[in-house]
Amino acid sequence: MRLVWIFLLLGQLLTAQPALRLKPHLSTSRAQSSHQLSNRRRGMTRHLLVRFESGAEPAQLARLAEHGARVIQYVPDHSYIVTAADDFTSEGIGLSSIAPIEPGEKLSAELADAGDSAFALVEFYPDVDMGQARGIVLDNLLQIQDNPDLLDHHLLVSGTQDAIIALAQWDEVSYIFPAAPELVQGLALNACAGALTDQGQIGQSVARVGYGWGGPGLNGADLNYAFQSVTEKIAADAARAEIVRAFNEWARVAKLTFTPSADLKANRTLTVLFGSGPHGDPYPFDGQGGVLAHTFYPYPTNAEPIAGDLHFDADENWHVGLDTDLFSVALHETGHALGLGHSDKPGAVMYPYYRRTTGLTQEDITAILTLYLPQDATSGTTPIVPVPAPLALTVQDTPATTTLVSVGLSGNTSGGSGSVQVRWALQGGVSGNASGSTAWSVAGIPLSPGLNTILVTATDSLKATASRTLTIVRQLAAQAPLMPLLQVTSPLSSSSPTITISGIASDATGIARVAWSSSQGRSGQASGTLNWTIGPIALSPGPNALTITAYSQSGTSASMAITIQYAATATPSNDTTPPSLAIVSPSTVTLSTSYSTIAFSGTAKDNVGITSVTWSTSNGDSGTCAGTDNWRAAAIPLYVGTNTVTIRAHDAAGNTAWRSVVVTRH
């Protein structure tokens with residue numbers, strides 16, 4: 001009764017509080033009331049929003065910890081997400097309110113444009129075990145589309161809009177927003193983990209941090225910039241010019257000035273630094289291919305002189321106009337330096353996954369003008385950039401099932417800026433452009449047997465996007481087959497010690513997954529379903545027997561056995577390259593649990609091939625994981641106290657790689 005009384009009383013106090021800097025959320029009757037307790041996987045703890053009247057003092061945060069509340073995220077202004085026991089009380093801490101986040105506030109308003117079937121990114125709180133997160137998604141009858149470019153606590157899911165909305169009822173879910181078409185199509189994208197604050201990281205649900213450099217109200221701001229170092233991957237003058245070009249792009253639409261300076265530590269100065277690994281702040285870079293950059297929000301969210309500084313990873317292969325494009329990344333990071341959080345709008349510069357761009361979208365322009373006055377042509381009264389109606393896309397109704405080998409689509413677009421291009425893409429990689437713009441059409445999109453997911457995206461001249469997702473089942477006959485169809489399309493012999501195999505699978509109900517196992521005891525999951533790829537698979541000299549199995553959405557399966565001949569020319573005795581090993585779940589190097597066993601899963605790769613993945617504990621237990629390239633240890637025993645679990649990947653030449661996690665069992 002105490003917990004219910006606290007939620008009701010303090011929930012009423014919340015209504016008198018100043019509005020948090022959260023984004024507009026989805027208005028729908030399907031988003032349940034905050035007075036209904038959320039589902040959860042963890043026993044007697046939940047995530048709560050605690051609020052202070054003003055900035056929290058260190059002593060107040062210490063008292064939070066003394067009361068058993070662990071700070072997870074900062075929520076501007078003066079609020080925090082904490083995880084606490086059900087009987088948590090706030091006596092003596094100085095909180096103005098405490099309450100759970102409403103399920104509706106976890107749902108981006110951009111989800112309103114999704115059709116009955118949709119793709120979405122689900123952000124989980126940083127303390128949530130991602131193995132449990134995957135279980136929550138699957139329990140809601142949603143599919144998970146794995147993508148190595150996703151942030152650690154993001155999952156890309158697909159399914160009905162009702163099922164996606166229902167995820168917001170789970171306590172472990174932080175926020176749900178639309179997935180970019182590039183992620184849906186499996187294209188490579190680098191992620192931005194978010195700008196940094198003295199109070200800790202913030203979540204996707206936060207629109208902006210503080211008032212910007214102009215203070216409360218809409219004002220302009222005069223800022224300086226200084227270069228501490230630049231990348232050696234491109235000419236120094238070109239690197240500086242690209243970053244200044246990013247500054248000026250924001251100044252083109254907002255009342256901002258950027259003046260060069262030689263003083264790296266002066267107030268209101270955006271200092272630019274390229275560094276490797278540890279580079280002078282508490283956030284070391286991770287080398288090529290990981291975090292590209294990080295930025296510090298404006299003063300007073302961060303203290304001077306680091307407020308607004310932009311740091312780039314010097315180990316990345318920086319370019320101008322292609323691949324890791326310096327201007328595109330600098331444009332995004334400058335938005336953070338000016339006070340913006342991440343956008344939910346795919347295609348926007350401030351979306352949490354970088355994309356190569358030539359300028360701001362209307363979404364970014366609208367966002368920055370919530371912090372600063374518009375830039376003007378003469379006297380400050382006429383904005384340079386008008387605000388058009390948002391881009392909208394409609395698709396005419398299509399049949400849910402068909403026996404035809406192709407389907408035509410048509411629809412309309414409205415709003416947006418300049419010319420609008422409509423493009424379609426099938427899950428699996430086939431894509432094309434529609435004819436027309438305001439009224440558009442597509443003739444003859446090819447359909448595979450079984451489930452076909454079609455993403456239709458409209459993009460205007462400012463790169464704003466609007467998308468619709470359609471699902472069409474192609475039936476092969478009047479009576480659907482009882483078993484999936486499975487076919488290998490690649491060669492079945494190899495002159496190298498590894499092989500990659502591809503093929504197709506189909507079923508009237510759709511293919512859930514494709515798996516493989518070998519006579520050498522190796523196994524794993526294929527990439528893709530309707531069009532799948534396995535490998536690289538390590539081969540032994542002579543015949544190698546493989547079994548490939550396709551599993552349908554209805555629970556049936558079909559298998560085929562193949563034999564691959566490999567005539568080895570030499571034993572890889574000169575192979576000194578160790579495997580690479582990654583632990584996907586759990587996602588942290590230290591954690592605590594009350595369970596007697598724990599599951600580990602991850603990936604391993606090698607230039608020749610992984611022969612086995614094993615586990616061992618500091619208590620003397622050991623075993624072999626299921627799978628190789630994608631491996632899993634289902635039930636590693638834990639003793640009460642501290643357990644060190646070590647995972648090792650082995651290749652045929654005897655090279656090994658290892659990772660360890662410290663698990664404390666209560």
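In what order do the three strands of the open sheet that includes β35 stand? The order is β33-β35-β38, and the pairing is antiparallel. Strands here are DSSP runs (E, at least two residues), numbered from the N terminus. Two strands pair if DSSP finds at least two bridges between them. The model is predicted: local features need pLDDT of at least 70, side-chain atom pairs count only at pLDDT 80 or more, and totals for chains, interfaces and linings use all residues. Residues are numbered from 1 along each chain as its sequence is written, and side-chain values use heavy atoms, with hydrogens and water left out.

In this sheet, β33 (580-585) and β38 (630-637) are the edge strands. Each has a single partner strand, so one side of each lacks a neighbour in the sheet. Neighbouring strands are turned by 30° against each other on average, direction ignored. Axes are lines fitted to C-alpha atoms, and angles run from 0 to 180 degrees between N-to-C directions. Strand β35 (residues 597-605) and β38 run antiparallel and are joined by six bridges. Phe600 has Ala633 in β38 as its bridge partner.

Another open sheet has three strands in the order β25-β27-β30, with antiparallel pairing. Its edges are β25 (485-488) and β30 (531-538). Each edge strand has a single partner, so one of its sides is left without a neighbour in the sheet. The twist averages 25° from one strand to the next. Six bridges pair β27 (residues 498-506) with β30 in the antiparallel sense. Thr533 in β30 is the bridge partner of Ser502.

His279 lies in the loop between β11 (269-275) and β12 (293-295). His279 is buried, with a relative accessible area of 15%; buried means under 20%, with a 1.4 Å probe and protein chains only. Its side chain makes a polar contact of 3.1 Å with that of Asp281. A polar contact of 3.3 Å joins the side chains of His279 and His294. Such a contact is a pair of N or O atoms within 3.5 Å, where one must be able to donate a hydrogen and the other to accept it.

The whole structure holds eight cavities of 30 Å³ or more. A cavity is a set of points on a 1 Å grid where a 1.4 Å probe fits but cannot get out; lining residues have an atom within 4 Å of a point. The second largest cavity has a volume of about 120 Å³. It is lined by 13 residues, and the closest to its centre are Leu22, Ile81, Ile101, Ser174 and Ser205. β2 (70-75) and β8 (173-178) each give two or more residues to this lining. β2 gives the most, with three residues.

Conventions: Helix = DSSP H or I, 4+ residues; strand = E, 2+ residues; numbered from the N terminus. Buried < 20%, exposed > 50% of the residue type's maximum accessible area, 1.4 Å probe, protein only. 1 Å grid on protein atoms, 1.4 Å probe; cavity = no way out; pocket = protein on both sides within 12 Å on 5 of 7 lines; lining within 4 Å. Points joined across faces, edges and corners; volume = space filled by probe spheres on them.
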